[in-house]
2 protein chains.
Amino acid sequence: MYGRYTQDLGTFAKDEAARLRLQEGDTPRPRRPSELLEYTQGRCAPCRVCTLQCQRFLISKVGEDWVFLILLGLVMALVSWAMDFAIATCLQAQKWMYGGLDTNVLLQYMAWVTYPTVLITFSAGFTQILAPQAVGSGIPEMKTILRGVVLKEYLTLKTFVAKVIGLTCALGSGMPLGKEGPFVHIASMCAALLSRFLSLFGGFYENEARNIEMLAAACAVGVGCCFAAPIGGVLFSIEVTSTFFAVRNYWRGFFAATFSAFIFRVLAVWNKDEETITALFKTRFRLDFPFDLQELPAFAVIGIASGFGGALFVYLNRKIVQFMRRQKTINRFLMKKRLLFPALVTLIISTLTFPPGFGQFMAGQLTQKDTLVTLFDNQTWAKQGISDEFEYLGILEAWRNPRSNVFVTLVVFILMKFWMSALATTIPVPCGAFMPVFVIGAAFGRLVGESMAAWFPDGIHTDSNIYRIVPGGYAVVGAAALSGAVTHTVSTAVIVFELTGQISHILPVMIAVILANAVAQSLQPSLYDSIIRIKKLPYLPELGWGHHEKYNVRVEDIMVRDIHYVTLNCKYRDLQQVLHSTKMKNLPLVESAESMILLGSIERTQVGALLSSQLSPQRRLMTLRQKVLSEDGHRLSDSSIRFQISTETSSGTPARPALRKPLKPALKRVPSSPPDSPPAGGTDHTGIALKSLFCANAATEPTEVRAWPSPSLPSPAWPLLALVGSSYPLACPMAPPQILEWEEQQLDQLVDFSSAKIDPAPFQLVEHTSLHKTHTIFSLLGLDHAFVTSIGRLVGMVSLKELRKAIEGSLTGKGVKVRPPLASFRDSTASTTEADTTALRQLWDRHQHHHMPREAGPGGDDDDDTPK
Amino acid sequence: MYGRYTQDLGTFAKDEAARLRLQEGDTPRPRRPSELLEYTQGRCAPCRVCTLQCQRFLISKVGEDWVFLILLGLVMALVSWAMDFAIATCLQAQKWMYGGLDTNVLLQYMAWVTYPTVLITFSAGFTQILAPQAVGSGIPEMKTILRGVVLKEYLTLKTFVAKVIGLTCALGSGMPLGKEGPFVHIASMCAALLSRFLSLFGGFYENEARNIEMLAAACAVGVGCCFAAPIGGVLFSIEVTSTFFAVRNYWRGFFAATFSAFIFRVLAVWNKDEETITALFKTRFRLDFPFDLQELPAFAVIGIASGFGGALFVYLNRKIVQFMRRQKTINRFLMKKRLLFPALVTLIISTLTFPPGFGQFMAGQLTQKDTLVTLFDNQTWAKQGISDEFEYLGILEAWRNPRSNVFVTLVVFILMKFWMSALATTIPVPCGAFMPVFVIGAAFGRLVGESMAAWFPDGIHTDSNIYRIVPGGYAVVGAAALSGAVTHTVSTAVIVFELTGQISHILPVMIAVILANAVAQSLQPSLYDSIIRIKKLPYLPELGWGHHEKYNVRVEDIMVRDIHYVTLNCKYRDLQQVLHSTKMKNLPLVESAESMILLGSIERTQVGALLSSQLSPQRRLMTLRQKVLSEDGHRLSDSSIRFQISTETSSGTPARPALRKPLKPALKRVPSSPPDSPPAGGTDHTGIALKSLFCANAATEPTEVRAWPSPSLPSPAWPLLALVGSSYPLACPMAPPQILEWEEQQLDQLVDFSSAKIDPAPFQLVEHTSLHKTHTIFSLLGLDHAFVTSIGRLVGMVSLKELRKAIEGSLTGKGVKVRPPLASFRDSTASTTEADTTALRQLWDRHQHHHMPREAGPGGDDDDDTPK
C-alpha cells in the first residue's frame with residue numbers, strides 16, 4: 001500500500017501536465033474531457049456532446065458501488081445455480097447408469113468407476129491446458145492478493161472459464177470435493193472481470209484501493225451464494241482472507257452476499273424445486289427444549305476431538321503433497337503423465353465407495369448433499385431400549401446395513417472419508433476442502449449423538465417431561481466444529497445456522513467451534529495457510545494465541561543492520577558496486593554516508609537503468625558527436641544555450657503525447673505493472689522526460705524520437721537538434737580500448753538521479769518498535785519492507801523475511817533477545833534514550849562545527865545573521 | 001499508535017541501563033528480576049526464591065489471555081444477571097404498588113408517576129456526584145478510546161460503580177431506556193479494572209496494545225451478555241466501535257462473549273426461570289413456510305421506512321440536545337437545578353403512559369420486555385375476515401382497547417414512544433437507545449404485518465396449502481431494521497436471530513436491514529457518531545457510501561503548507577517565536593530551514609521546557625557562580641576538564657537510581673501520562689541526565705541533588721562539584737536589568753536538544769497520497785497528524801482537522817480541486833514527477849556546489865577521495 005505511491009505519481013504528473021497545458025489556452029474550466037473534445041474537434045461537436053452526456057450519465061450511475069455489487073451478486077447467483085444444476089445432472093446421470101445396469105455387477109462397477117475417472121481426468125486436463133492457476137481452492141491466493149501482492153493470471157477470464165468448467169466436472173464426479181473455496185476465487189475473478197468491463201463506462205474502476213475493496217466483497221459473495229448464507233459468508237470470507245478488516249467495507253459484503261443468496265434461492269423457487277425461500281439443509285429440531293444443560297460436556301468433547309481431527313487433516317493433506325513432491329521417481333513419472341495421478345486417485349476412491357462392494361459399509365451410494373441431509377435428520381437411528389425399531393425411509397436406507405449396525409457404518413464412513421478427502425483435495429483440479437470436512441464433521445457429530453442417544457434412551461433431563469436426545473443436533477455441532485478447526489474460523493457456526501435454518505443449538509455450536517479452534521490453532525496452521533506455505537506464496541504468519549514475548553521483541557533485535565544504500569552524491573561506480581553486492585529489491589537513498597539521513601528508496605531496476613543508460617552506446621555516440629561538434633566550436637556554444645532554454649520551457653509546456661493520453665484509457669485498460677515498464681525514461685515524463693532526453697538516453701525510445709520533428713511543440717531547440725541528429729549518422733564506431741576507457745570515465749561521474757523513480761516516503765520504523773506493533777503495521781499496510789530510522793538516520797531494515805523468521809521463532813532460539821516480562825512496564829517520566837540523543841548530538845555538533853552554508857531560524861527573518 | 005513510540009523509549013532506556021549495569025557485574029544471566037533480588041539480598045533468599053517461583057507460575061497462568069477472558073465473561077455475566085434481577089424487582093415493585101392501589105385512581109397515578117421520578121432523579125444525582133463520565137451510552141467514548149485517544153476517568157472504578165447503580169435505577173424506572181450501550185461501557189471498565197487487578201500478578205497487562213485488544217473483546221462481551229447474543233454481540237461491537245478490525249482479535253471476542261452469554265443463561269436455568277438454555281425472546285414461527293416470496297416487497301417497505309425513521313430519530317435526538325443547550329434561559333435554569341430536567345421528563349413520560357389515562361391507547365402498562373414478547377407473538381391480532389375472534393391472553397390484554405382497534409393502538413404506541421425515546425435518551429443518566437428503538441421497530445413491523453394479515457386473510461400463496469401471514473415475523477424484521485438504521489449496523493440482524501432463537505426470516509431481515517442502512521446512512525450519521533459530534537470528541541468521520549471524489553482528492557489539496565517548525569541549529573529566540581506563533585501540539589524538527597529535511601517531531605511542551613530550563617533562575621545562578629569561579633582562574637580550567645571526563649564515564653556507567661526503578665513497578669502500576677511528567681530533565685536519563693545535570697538545570701530535581709554526595713558513583717567530578725555547591729550559596733541575587741540582559745544573551749544561544757524528547761519517526765505522507773488512502777492510514781494507525789514530505793523535505797502537515805473538513809465536504813465547495821474521474825487512471829510507464837525531481841535536483845546541486853565535508857560513496861572504501 002505504502003510502496004505504491006510512486007504509481008500515482010505518474011498519473012499525477014500527466015494530469016498536472018494536462019492542466020498546465022490547458023491553463024495556457026483560454027478554456028475557463030478546462031478539465032472536462034468532453035469539453036476537451038469540443039475544443040479540439042469543432043465539426044461533429046453537438047452529436048458528440050450528446051453522446052458524451054449520455055455516457056457521463058451512464059458513468060455516474062454505473063460508477064455507483066451498488067450497481068456493481070448487484071451485478072456481481074446476480075452473476076454469481078446465476079453461476080452458482082447453473083453450476084449446481086449441472087452438477088446435479090452429472091450426479092443423476094451416474095446414478096441412472098448405475099441403476100440401469102443392476103443386472104450385472106461388473107458392468108455396474110465399470111460404470112461407477114469410469115464415469116468419475118473420465119470427469120476428473122477431463123477436469124484436470126482442461127484446467128492444465130487452459131489455466132493452471134485455476135487448480136485448487138483459490139482462497140490462499142485470494143488471501144495473498146488481498147494482502148496487496150499482485151499474482152498475475154489469477155484474475156483473468158481464462159482462469160474463470162477453466163475454474164467454472166473444471167469445478168463443475170470435478171464436483172459432478174461425486175468425489176469428496178467442495179465448492180466453497182473455488183467459489184471465493186470464482187467470485188473474485190467475476191468481480192475483476194466485471195470491474196474491467198464496467199471500466200468501459202468510467203474510470204472509477206481503475207482505482208486500486210477500490211478494486212481491493214471490491215475483491216473483499218466478492219469473496220463474501222462467493223461463500224454467500226455457495227451456501228445461501230449471506231452473514232456466514234461475509235464473516236467466513238473476512239476470517240479467511242483478511243488480517244485487518246475495514247468496517248466500512250462491511251456493508252458491501254453484506255449487500256452483495258445477501259442479494260446473491262437471495263437470487264440463488266429465488267432461482268430454486270422459480271424452478272419449482274422449493275415452495276419458498278428456506279435454508280439449504282433445513283432441520284426440524286425441537287424449539288422448546290433443543291438440548292439439556294447436561295449434554296454440554298458431550299458437545300465440548302465433540303469440539304476438542306474435532307480440533308485434533310482438524311489439525312490431523314491439515315497435517316495429512318500437507319504430508320501427502322510433500323510426499324508426492326519428494327519422491328523423485330514418482331514425481332518424474334507424474335510430471336510426464338500429469339493426468340495419471342488424478343485418474344488413479346479417482347479410481348481408488350470410487351472403487352472403495354462402490355455400493356455393492358465396500359461402499360455398503362460407508363453409505364457409498366449417497367452424494368455429498370444426500371449424506372448431509374441424512375446426517376442432519378431428526379430421528380434417532382440407533383435402536384433404543386424400549387422403543388420401536390426405527391424405520392429407514394428413502395435415502396436413509398443407505399445407512400442401514402444388515403451385516404453391521406449404524407455405529408460401525410458411521411465409524412467406517414468417518415475413517416474412510418477422512419483420508420479420501422485429504423487425498424482428493426490434492427488432485428490438481430479446482431476443488432475445495434470445506435464441504436468434505438463439513439460432512440465428516442457431521443458424521444462424527446452424529447456418531448457421538450447416536451452414542452448419547454443409546455446411552456440415555458430417555459434423555460438426561462430428570463423432570464417430568466421426557467426430552468429425548470437429538471442426534472441431528474450433534475451432527476450440526478460436529479460439522480461446524482470440524483470445518484472450523486480445519487479453516488481456523490469461528491464463522492462456520494454462523495454458516496451452520498444459515499444452512500440448517502435453525503439457531504436453537506447456538507451455544508453448543510459456539511462452544512464446540514471455539515474449543516475446536518483453540519486446539520487446532522495450537523497444533524497446525526489453517527488449511528489455507530498450510531497451502532500458502534506449500535505454494536511458497538508471500539505471506540506473513542499470524543501472531544499466535546497469547547505469545548507474550550511478541551510484545552517484548554523489538555525491531556532492533558530482528559533488523560538487518562548491514563544494509564547497502566545509495567547516497568545522493570555517489571558515483572556510478574558505487575551504484576555498480578551496490579548492485580553487485582546486494583539483492584535487495586529496494587535500495588535506500590540517503591543524503592550522504594556520513595549523515596545517513598534517509599531521503600527515499602529507489603528500486604533496484606531503477607538503479608540498473610541509471611547505470612545502463614549512463615553506459616549506453618547511444619550516450620557514447622552522443623559524446624562522440626558532441627566531441628565532433630566541439631571541434632566545430634561555435635555550434636557547441638549555441639546548442640548549450642538552446643539547451644538551457646529548452647529545459648526551462650519544457651517544464652512549463654509539456655509534450656503533447658502526455659496530454660493526449662488521459663482520454664484514451666476510458667475505453668482501454670492500461671495494465672499497471674511497474675516492473676515491466678521500460679527502464680528509466682518511459683514515455684510520460686512531462687518535462688523531465690524531455691530534459692533527460694536532451695541529456696542522456698536520446699535514442700532509447702523510438703516513439704519519442706519519432707515525436708521530435710512533430711510541430712506540436714514550439715520549442716526553439718527542436719529544429720536544431722533534429723538537424724544535428726540528421727547531419728551526423730548514428731553508426732559512429734569507437735575502438736574497444738577507447739570504449740573501456742570511456743566507460744571508466746563515465747563510472748567516475750556523479751549520478752544524476754533526476755530521471756530515476758524514487759519513492760519519496762518509504763515506510764519507517766524506529767528501533768524500539770515492538771515486534772507486535774511491527775507485525776500490525778506490516779499487515780495493516782501490506783508492506784514487504786520498512787526502513788528503521790533514528791532521527792532521520794537510516795540504521796537498518798526489516799523485511800517480511802526477518803519478520804517471518806522472528807514470528808516463527810527460528811530466531812528466538814538463536815539470537816533474539818527476549819526481554820523478561822517484567823521489563824516491559826513503562827514509565828512516563830523517562831525521556832529520550834541515550835542512543836537517540838547521541839545521534840542527535842552528533843548531528844547537532846556537525847552543524848556547529850561545519851557551519852552549514854545557511855543557518856536560518858524558523859522565523860526566516862534572521863537568515864543572514866550568521867553566515868560567516 | 002505511531003506517535004507513542006516515545007513512551008517506549010523511556011522503558012527501553014531503563015532496561016538498557018539495567019542491562020549494562022548488570023553486564024558489568026558477574027551475573028551470567030542478569031535479566032530475571034528474581035535473580036536480581038537474590039543477588040542483592042542474601043539473607044532470606046531461599047524463602048524469597050520459593051515465593052517468587054510460585055508467583056512466576058501464577059503469572060505464567062494468569063498471563064494467558066483465556067484466563068482473563070473467562071474472568072471477564074464471568075464477571076460480566078454476573079453483573080448482567082444481577083442487574084436484570086434488580087431491574088425486574090424494581091419493575092415488579094411498581095406494578096405491585098400500582099396494582100395494590102386500584103381503588104383510587106389518583107393514588108394510583110401518584111404511585112405510577114412518583115416511583116420512576118424518584119428513581120431517575122436518584123440515578124441522575126448519584127451519577128452526577130460520583131462520576132459524570134457515566135452519563136449516557138458510553139459507546140461513543142469507547143469508539144474514541146479504541147481509536148487510541150486517552151479519555152481520562154472513563155475507565156475507573158468510580159465510573160463503574162456509578163454506571164452500574166445509575167443504570168439499574170434508570171432501567172428500573174420503566175422509562176424507555178436501553179442497557180446495551182452502557183453495557184459496552186461497563187464491560188470495558190470491567191476489563192480495565194480486571195486488567196489492573198491482574199497486573200498485580202504480572203506485567204503483561206501493562207502493555208498498551210494488549211489493553212486495546214482486550215477492550216475490543218470487552219465491548220463484544222458487553223453486548224453479548226446483555227442480549228445473550230454472542231455472535232451478534234461481537235459483530236455489533238466491531239461495527240460500532242472499530243474502523244479497522246484485526247481479525248486476530250476475533251476469537252477473543254467470540255470466546256469471551258460466548259462464555260459470558262452461556263453463564264448469563266445458565267444463571268437463569270439455575271434460578272429455575274428457565275428449563276434449559278434458550279433464546280431470550282423465543283419465537284415460534286412456522287419453519288416449513290416462514291414467508292412467501294411475494295411478501296418481500298412489504299419487508300422492503302419496512303426497511304426503507306425504518307431507514308427514514310432511524311434518521312429522524314437521530315435528528316430528533318440531536319435537535320433536543322442542541323435545543324436544550326442553545327436556549328440560554330432554560331440552560332441557565334437547568335444548570336442550577338440539574339436534577340429538574342430528568343424529573344420533568346420522567347414526569348411527562350410517565351403521566352402519558354399512565355394505563356387508566358392515555359396509556360390505555362398505547363399499552364402503557366407493559367414493560368419493555370413484555371412489549372417485545374407480545375409484539376413477537378405468533379398469533380394475528382387483527383380480526384380476520386372469516387376466522388374466529390382472537391382471544392387476548394395474559395399480557396396481550398394490554399394491546400386490546402374496547403374503544404379502538406389494534407391498528408390505532410399500534411400507531412399511537414409508535415408515535416408516542418418515538419419522541420419519548422428520543423427525549424428520554426437525552427436525560428443525564430446512564431442509558432442507551434438501542435432497546436427503545438428496537439421496541440419501536442418491532443411495533444412498526446407488527447403494524448405492517450397486521451395490515452398485511454388484514455389485507456390477505458388467507459395468505460398470498462396461491463397453491464393448495466393456505467399459509468397465513470405471520471405478523472410476528474414482520475415485527476422481528478421491523479425491530480432489526482429500525483435499530484440497524486439508528487446505529488448504522490448490519491449486525492442487528494444477527495442479534496435478532498439470537499434473541500428470537502429463529503433464523504427462518506433471514507432473507508427478509510437482511511433485506512430490510514440493508515435497505516434501512518442505505519437510507520439512514522445517506523441522511524444522518526449514526527446515533528453514536530451524532531453523540532460524538534455533540535460531545536466534540538476527537539473523531540474521524542467515515543467515508544460515505546460511494547463518494548468517488550475521495551479517491552481523487554490528494555493530500556496536497558488539503559494539507560497546511562504554512563507550518564511552523566524547529567530547526568536543529570536554531571536559537572532559543574526562535575523557539576520562543578515558534579511558541580508564540582503557533583498552537584500545534586507537535587512541532588516538526590527539520591535539519592535546517594534551507595534543506596527542510598524532516599528529522600523528527602518534538603512536542604510543544606518539550607519546546608516550552610527547553611526554553612524555560614534555558615531561562616531558569618537555577619541556571620542563572622549557576623552562570624553567576626561560574627563567573628565567580630572564573631575569577632579564581634585556575635579552578636575553572638580544572639572543572640572543565642573534569643566535566644569532560646564525567647561526561648564520558650557517565651555514558652558507560654549510568655546512575656544508580658535508573659537501575660533500581662525496574663523492580664518496583666511489578667507490584668505497583670505506574671501511571672503512563674507523558675504530558676504530566678516534569679519538563680526536561682526527568683529522573684531517568686541514563687547518562688544524558690547526568691550530562692544535562694552538569695550543564696544546565698542543576699537544582700531542578702531535589703532528589704538528584706540529594707543523590708550527589710552518595711558514594712555509589714565513583715566519578716572524580718563528584719566531590720569537587722559538591723564542594724563548589726556548598727561553598728557558594730544558592731541565593732545569589734542579580735539585578736532585574738542584569739537579568740533581562742542575561743536572558744537576551746541566553747536567547748541568542750543555540751538550542752541544545754539533547755535533553756528534549758523527540759519522536760524520531762513521525763508519520764509521513766507524500767503530497768500525492770489520495771484522501772481515501774490518507775483516511776485509511778489515519779484510521780488504521782490512529783494518527784492525529786502526519787507530516788507531508790517530499791524526498792525527506794517537509795512540505796506540509798495534515799491533521800485530523802483538515803482531514804475531517806475535507807471529508808465533510810466543507811472544503812470541497814470552497815477550494816479543493818476535485819479532479820475529474822477520468823484523470824484518475826494510472827499509467828505504469830511514468831516516472832517521478834517534476835516537483836519531486838526538481839527538489840531532488842536542488843538537493844543534489846547543493847551537494848555539488850557546497851561540497852559537504854565528507855562525500856563518501858556507499859562502499860565506504862573511497863571515503864577520502866574527494867575531501868578537497
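Which residue is the bridge partner of B:I602 in β5(B)? I will answer that in a moment. First, a caution: what we are looking at is a predicted model.

The answer is B:I758. That pair belongs to the contact between β4(B) and β5(B), where 2 bridges join the strands and the direction is antiparallel.

Strand β2 of chain B, residues 566-567, is joined to β3(B) by 2 bridges, and here the strands run parallel. B:T567 is the residue that stands opposite B:V590.

Put together, this is an open sheet of 4 strands in chain B, in the order β2-β3-β4-β5, and the pairing is mixed. At the edges are β2 and β5, the latter being residues 758-759, and each of them pairs on one side only. A helix also packs on this sheet: α25 of chain B, residues 604-614, touches β3 and β4 of that chain. The direction of α25 makes about 80 degrees with that of β4(B).

Is it buried or exposed? Of its 5 residues, 586-590, 5 are buried, so the strand is largely enclosed by the rest of the structure. Both faces are covered. On one side the buried residues are B:N586, B:P588 and B:V590, and on the other they are B:L587 and B:L589.

In soluble globular proteins, nonpolar side chains tend to be buried together. In this model the largest nonpolar core has 321 residues, and the members touching the most others are A:I186 and B:I186. There is also a second, separate core of 62 residues, which includes A:L610, B:V590, B:L747 and B:F753. Going back to B:I186, and leaving out residues up to four places away in sequence, its contacts include B:M76, B:F160 and B:L167.

Last, a pair of helices in chain B. The axes of α10, residues 230-241, and α19, residues 492-500, come within 8 Å and cross at roughly 160 degrees. An angle over 145 degrees counts as roughly antiparallel, and α10(B) and α19(B) are therefore roughly antiparallel to each other. Their crossing is left-handed. Among the residues making the contact are B:P230, B:G233 and B:F236 from α10(B), with B:V494 and B:E498 from α19(B).

Note on methods:
Residues are numbered from 1 along each chain as its sequence is written. Chains are lettered from A and ligands numbered from 1 in the order in which they are written. This is a predicted model: local features need pLDDT of at least 70, side-chain atom pairs count only at pLDDT 80 or more; totals for chains, interfaces and linings use all residues. Side-chain values use heavy atoms; hydrogens and water are left out. A nonpolar core is a set of buried Ala, Val, Leu, Ile, Met, Phe, Trp, Tyr and Cys residues joined through side-chain atoms within 4.5 Å. Buried means under 20% relative accessible area, exposed over 50%, partly exposed in between (1.4 Å probe, protein chains only). Contact means heavy atoms within 4.5 Å. Two strands pair if DSSP finds at least two bridges between them. Axes are lines fitted to C-alpha atoms, for helices over the stretch in contact, and angles run from 0 to 180 degrees between N-to-C directions. Angles under 35 degrees count as roughly parallel, over 145 as roughly antiparallel, 65 to 115 as roughly perpendicular and the rest as oblique. A crossing is left-handed if the near helix is turned anticlockwise from the far one by less than a right angle, and right-handed if clockwise.
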